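Please examine the sequence and the structure before reading on.

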Amino acid sequence: TIMSYDAIQGSLDVSLPRHQKPSFLAVGYMVLLGDTVRGIFFPTLWPLVSSFGGTRAAQGVVVAAFSMGRVLVSPSYGAYSTKHGYRKILVFAHCLICLGALLYTRVWNVPSLVCAQLVLGFGCGTLGVTRAYFAESVPRDQRTVWLGRVTAAQYCGLTCTSFLGSLLARTGERLEKDASLAWLNISPLTCSAYAVLLMALVALGLLQSPNFYDFVPADRSTSSTVAREDGVSTEDDRAHFRLVVVGLVLNIITKGSIGCYETLGVSYAQANLKMDGPTVGYYVAACGVLGVAFLLSFKQLGRLFDDVELILYGIGVMVLSCLLMVRKFSEDIVGDDDHDVDAFAAWLTAIVGMYGVGYPIGHTAVIGWFSKAMKSRPQGMLMGLFASAGSVARIVFPICSGVASDLWGPDVVFACLAALLGTTLVILVVKRRAFREAIA
């Protein structure tokens, strides 16, 4: 049977036992740090690459190195946390963040910067671990709410900390003139790395606190695992495999779409609307704040809609956002009778829809649905695989969209994205009953 709205509403008591609250805050801080490592370097990354004589292509390699580091380690981190608990792997990962930050302060060319980014990616490959920590700690029907809060921290780190990076760059300008600090190699381009180092050290302190609640998920699941030889488990495994594939595909499509927006949405504003980089960043950050507000409201959204409906509405908004970036469509919708398009209004509406509403709601609901569909299975390996799939999408989709944009123009890219998301939406509508049954 499918959970009724009354049952869902009654289950959304998301209060925690007192002994878990410090641990939840600590792990939430680590989620924030994981994407702060990416967001805080945005304002200074291109100046640093260009100071070494690097090109935009070199910058793409530098950015991809971080995501590649995450891809390579996320499943193994998740599997380790399932068998041995969370504290050890989180300590190891944050030690790598410290190492990566120190390497970042000493980079001297593009290859050394790629190396630093790769090590930082290894350290930040804990998203599957942290999501699993929350998913394993709360009842199954509360996972979407808590994963929404986790994603809010992640989204805040990615979209809002560029302001902090800009402030630290100005601080670096002052500290660079202090001869007594010359041995630290502080500059406007490396000051953010010291902030990351300090934040990682704080995370290590939190992990060593006696108030941090650690546990081994494998010990919990052992008692509920019954070996069967009647063939039923094989069918269950097949059903489980199908659910895993569906969840990964939804994750790749939504993650890839936001990756294309990060690649082409900013360059579109700079090329067609003559906006400078910082101004575009302010608009994106403001949309990020709106997205965080929606993510923190998942408890209230859960009382109005179930997970499948949230996925549908989120992807629906993403489709409209992509269509608004297609000039022919925006001319028909936004333009007046003479087809005099207000290009800025179309662009702003599109990024608000994507960054502020569609992606944060739709993708977070996908995470919640995936976690619930896995039922009582250990979450570490599965969430690690989920995170790796998302990182792969953030590498492949932007590269493909950049090549396609050079060949055929951005309109074709956004039209294809709209078609891909639209097809996904139609399939979800047709199969929505099966999606609901998977998490019943």
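## Setting of Pro378

In which loop is Pro378 found? In this predicted model, Pro378 belongs to the loop that runs between helix 17 (343-373) and helix 18 (379-408).

Pro378 and Gly78 are 300 residues apart along the chain, yet 9.5 Å separates their C-alpha atoms.

## Aromatic pairs of Phe24

Across the whole structure, 19 aromatic pairs are found. In one of them, the ring centres of Phe24 and Tyr133 are 6.0 Å apart and the ring planes meet at 65°, so the arrangement is edge-to-face. Because Phe24 is part of helix 2 (residues 21-39) and Tyr133 part of helix 7 (residues 127-137), this pair ties together parts 109 residues apart in sequence. Phe24 and Tyr133 are both buried.

Phe24 also pairs with Phe134: the centres of these rings lie 4.6 Å apart with planes at 65°, so this pair is edge-to-face. Since Phe24 lies in helix 2 and Phe134 in helix 7, the contact ties together parts 110 residues apart in sequence. Phe134 is buried, as is Phe24.

## Cluster and charge over a ring

Phe24, Tyr133 and Phe134 are among the members of one aromatic cluster, which also includes Tyr86, Trp146, Phe212, Tyr213 and Phe215.

Within this cluster, Trp146 has Arg149 over the face of its ring, at 4.6 Å from the ring centre.

Conventions:
Residues are numbered from 1 along each chain as its sequence is written. This is a predicted model: local features need pLDDT of at least 70, side-chain atom pairs count only at pLDDT 80 or more; totals for chains, interfaces and linings use all residues. Side-chain values use heavy atoms; hydrogens and water are left out. Helices (H or I, at least four residues) and strands (E, at least two) are DSSP runs, numbered from the N terminus. Rings of Phe, Tyr and Trp (its six-membered ring) pair if their centres lie within 6.5 Å; planes under 30 degrees apart count as stacked, over 60 as edge-to-face and the rest as tilted. Buried means under 20% relative accessible area, exposed over 50%, partly exposed in between (1.4 Å probe, protein chains only). A charge sits over a ring if NZ of Lys or CZ of Arg is within 6 Å of the ring centre and within 35 degrees of the ring normal.
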